[in-house]
Amino acid sequence: VQLQASGGGLVQAGGSLSLSCATSGFAMSFNVMAWFRQAPGKQRELVASIGYSGNTRYKDSVKGRFTISRDNAKNAVSLQMNSLKPEDTGVYYCNTFHDDRDYFGRGTLVTVSS
């Protein structure tokens, strides 16, 4: 299982970024996919998830600003982030639960300046 996140960067508060995650090594269409983030000095937290049928869930603080989506044909999952806030700063990780274990790919850094 491989998960490769990309799309992070530096953005001003109120700006937008789009993260992408390329997956391989498993049948993504049958798995729940998620994005986690880890802010400096804090624990990793779940930001958004999307089921194989397309149902989505979001952390309360990102509802209405972030949108998770999946393209099973391309084995990819995305996270569109709008109206970014400094507290959204962190390393963002793509995640799936497969064969009874969690997989996290190499993260991508998102920095939101005030």
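This is a predicted model: local features need pLDDT of at least 70, side-chain atom pairs count only at pLDDT 80 or more; totals for chains, interfaces and linings use all residues.

I started with Thr96, which counts as buried because its relative accessibility is 0% (buried is under 20% relative accessible area, exposed over 50%, partly exposed in between, with a 1.4 Å probe and protein chains only). Residues are numbered from 1 along each chain as its sequence is written, and side-chain values use heavy atoms, with hydrogens and water left out.

Thr96 sits in strand β9, residues 90–98 (strands are DSSP runs of E, at least two residues, numbered from the N terminus).

Which residues does Thr96 contact, beyond its neighbours within four places in sequence? I found Val1, Leu3, Phe26, Asn31, Val32, Met33, Arg101, Asp102 and Tyr103 (contact means heavy atoms within 4.5 Å).

Next I checked Tyr92. Setting aside residues up to four places away in sequence, I see Tyr92 touching Trp35, Phe66, Leu79 and Met81, among others.

Then I moved on to the loop between β9 and β10 (101–104), where I found Asp99. Asp99 has a phi near 50°, positive although the residue is not glycine, and it is exposed at 60% relative accessible area. Asp100 is in the loop between β9 and β10 too, with a positive phi near 65°. Asp100 is exposed, at 73%.

Key. Helices (H or I, at least four residues) and strands (E, at least two) are DSSP runs, numbered from the N terminus.
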